[in-house]
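Please take a moment to look over the sequence and the structure shown here, and then follow the explanation below with the model open beside you.

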Amino acid sequence: MFMPSPQRIVIPTPLLAFNWLAGGGIASGDVVSVVGETSSGRTALLLTILANAQKSNLVAAYIDCEDEFLSTMARQCGVDDNLIYAKAQSSEEALDVAKRLINSGSVDILAIDKMYSLLSSNSVLDAADVFRKNLKHLANIARERHVALIFSLPYVLMPENSDAPVEWWALNIGAEDHRICLRHPRYANDTLFCDVHIYSKYVRYQQINSSVAFVPFAYQTSWELFSLAVSCDVIRYESGVYKYDFASLATSPEQCIDIINKDKTLFEQLSNDVQIEFKSRCLKLKHRDLLL
């Protein structure tokens, strides 16, 4: 009997560059890894994406592998009480719970946070192949069931004194549609700043670089917009002044971001201009309805 394909659901993330690259956000059946250093905001990003899914009346599930889930943090990220929460004591249990949730047909998006922490530090190298194989299998099940799957990973397997980019040494699952790398976390005035590298198998120009600011439990979109505007040459730094559309903005990034924050018309105009330039640099696609 013919079964129609389910409607394609897209869940926006708090990352402008990712949403523009991926056609609006994480689609049903997409597999996304979030790779980052300690305290780089991986859990907060996962929770914010789940909160966005709930705002669209989708069912979200979260598997906690470190027993560090904070309901107060989840609420501050926007997650409501309808979140399906599960705790796992082993990687096998985490995979089993994930498979049962996906196969039940009751969830639209599933996040697995820090499953690698269930591996002992002495066995990470030995267990990497098994870990990778199991996650690939789980990813295939999620695609078949049209469930968005997102999981966090650390930077591991990095030899000392290596000159290779750290992304090369991240635990490469090889089953992702997209990978979000949070790099160089740094704090200033209670704000977390991270460089963001986005990879997509659907775009031949695979790596997109940006940066984000994360104030307690909220992403500062204007910071990323400014970062993208500079990287796309929409905002230019000339003679000690940042300029947009031949008009001077300010002499420092912080001043520019404050101006963008306060002027909604400027924010929308800049967003449109940056998005057009961003897409023009990423238009070489493999066949998929992205960037439409």
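This is a predicted model: local features need pLDDT of at least 70, side-chain atom pairs count only at pLDDT 80 or more; totals for chains, interfaces and linings use all residues.

The buried residues of H7 are Ser222, Trp223, Glu224, Leu225, Phe226, Ser227, Leu228 and Ala229. After the helix comes Asp233, whose phi is positive, near 65°.

Two packed helices are described by the angle between their axes and the distance between the axes. Helix H7 packs with helix H9, residues 264-280, at an angle of about 45°, and their axes lie 10 Å apart. With that angle, H7 is oblique to H9, and the crossing in which H7 passes H9 is left-handed. On the H7 side the contact is made by Thr221, Ser222, Leu225, Leu228 and Ala229, while H9 contributes Phe267, Leu270, Ser271, Val274 and Phe278.

We can now turn to strand S10, residues 207-215, where Val212 is found. Is Val212 buried or exposed? Val212 counts as buried because its relative accessibility is 5%, and buried means under 20%. Leaving aside residues up to four places away in sequence, Val212 touches Leu15, Leu192, Phe193, Cys194, Val196, Tyr219, Trp223 and Glu224; among them, Trp223 and Glu224 are also buried residues of H7. The C-alpha atoms of Val212 and Leu182 are separated by 9.1 Å, although these two residues are 30 residues apart along the chain.

Notes. Residues are numbered from 1 along each chain as its sequence is written. Side-chain values use heavy atoms; hydrogens and water are left out. Buried means under 20% relative accessible area, exposed over 50%, partly exposed in between (1.4 Å probe, protein chains only). Helices (H or I, at least four residues) and strands (E, at least two) are DSSP runs, numbered from the N terminus. Contact means heavy atoms within 4.5 Å. Axes are lines fitted to C-alpha atoms, for helices over the stretch in contact, and angles run from 0 to 180 degrees between N-to-C directions. Angles under 35 degrees count as roughly parallel, over 145 as roughly antiparallel, 65 to 115 as roughly perpendicular and the rest as oblique. A crossing is left-handed if the near helix is turned anticlockwise from the far one by less than a right angle, and right-handed if clockwise.
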